[in-house]
Amino acid sequence: MATIDEIHSAKKWLPLEANPDIMNQFLWGLGLPVDEAECYDVYGLDEELLEMVPKPVLAVLFLFPITSQTEEERMLQENVQDVSEPNGRVYFMKQTVGNACGTIGLLHAIGNLTSEIKLSEGSFLDRFFKSTANMDPSERAAFLENDRELEVAHSVAATGGETEASENVDTHFICFTCVDGKLYELDGRKSGPVYHCASSPSSLLKDAAEVIQGMIQKNPDSLNFNVIAVSKKGGGAC
């Protein structure tokens, strides 16, 4: 789920399906307690459909097709990104393993929620985030690349979907999260978190949806989009 020039490792995984059931089993198996958070499909970006998503929403995952236009925009965004934007508290990691963007998107989601949710003590996720807390994005990428436990868990999840897994894909997962009142886009193919706008936990889904709508409108001929929300359990729909 990344272009060849962006992946510096020879390692390549099977892609993770945009399937909340698969993602839930994956995260729960790695140490996210079942009663803490869960992934849900977002069936549309208009207000009525967004209201159906269980709240509170903690993070948003977006799967989109990689096209020449998205690549051009990514490079432009990299060139104009405001590097002075404070984002030191945002948990971010680079992607160096092919097709690992689904797992990295989930790690971005959970990594920025460690103060909101309680991971199982001693679980993989608990150990992973404690071990990588003080690493830079490239060091985290290398840590993931060499982590056999995560690779095996990803492989099990990737082969458990409804569609036949293939290494040849042209789609990519990114994550949207709210940190310190700011909406960030987290894409392991980019150099760092991308700041979009002021936000809040209560408006995260709506704010992310507006950014996502803009991305979809730039690729009107594609239908290969998926939006998944990571929501706190027990909140219910608003």
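**Helix packing and ring pairs**

Me: At 2% relative accessibility, does F128 count as buried or exposed?
Reply: Keep in mind that we're looking at a predicted model. The cut-off for buried is under 20% relative accessible area. F128 comes in at 2%, so this residue counts as buried.

Me: And F143, what does it count as at 27% relative accessibility?
Reply: Buried would need a value under 20%, and exposed one over 50%. F143 has 27% relative accessibility, so it counts as partly exposed.

Me: Which residues do ring pairs link into a cluster?
Reply: The structure holds 7 aromatic pairs. Ring pairs join up one cluster, and its members are Y91, F124, F128, F129 and F143.

Me: How do the rings of F62 and F64 pair up?
Reply: Both F62 and F64 are buried. Their ring centres are 5.5 Å apart, with the planes at 25°, so this pair is stacked.

Me: At roughly what angle do the axes of α5 and α6 cross?
Reply: Two packed helices are described by the angle and the distance between their axes. Helix α5 covers residues 124-132 and helix α6 covers residues 137-145. The crossing is right-handed. The axes come within 10 Å, and the angle is roughly 145°.

Me: How many charged residues does the contact of α5 with α6 have?
Reply: On the α5 side you have F128, S131 and T132, which meet R140, F143 and L144 in α6. By class, that gives 3 nonpolar and 2 polar residues, and the number of charged ones is 1.

Me: Over to α1 and α4: how are they oriented to each other?
Reply: Helix α1 (residues 20-30) and helix α4 (residues 101-111) have axes 12 Å apart and pack at about 60°. The crossing of α1 and α4 is right-handed. As for the angle, the two helices are therefore oblique.

Me: How many polar residues are in the contact of α1 with α4?
Reply: M23, F26 and L27 of α1 touch T103, L106 and I110 of α4. Sorted by class, there are 5 nonpolar residues and no charged ones, and the polar count is 1.

Me: How many residues of α4 are buried?
Reply: The buried residues of α4 include C101, T103, H108 and G111. This helix is mostly covered, and the count of buried residues is 11 of 11.

Note on methods:
Residues numbered from 1 in each chain as written. Predicted model: local features only at pLDDT ≥ 70, side-chain atom pairs only at ≥ 80, totals over all residues. Heavy atoms only, no water. Axes fitted to C-alpha atoms, helices over the stretch in contact; angles between N-to-C directions. Helix = DSSP H or I, 4+ residues; strand = E, 2+ residues; numbered from the N terminus. Parallel < 35°, antiparallel > 145°, perpendicular 65-115°, else oblique. Left-handed = near helix turned anticlockwise from the far one by under 90°. Contact = heavy atoms within 4.5 Å. Nonpolar A, V, L, I, M, F, W, Y, C, P; charged D, E, K, R; others polar. Buried < 20%, exposed > 50% of the residue type's maximum accessible area, 1.4 Å probe, protein only. Phe/Tyr/Trp six-rings, centres within 6.5 Å; stacked < 30°, edge-to-face > 60°.
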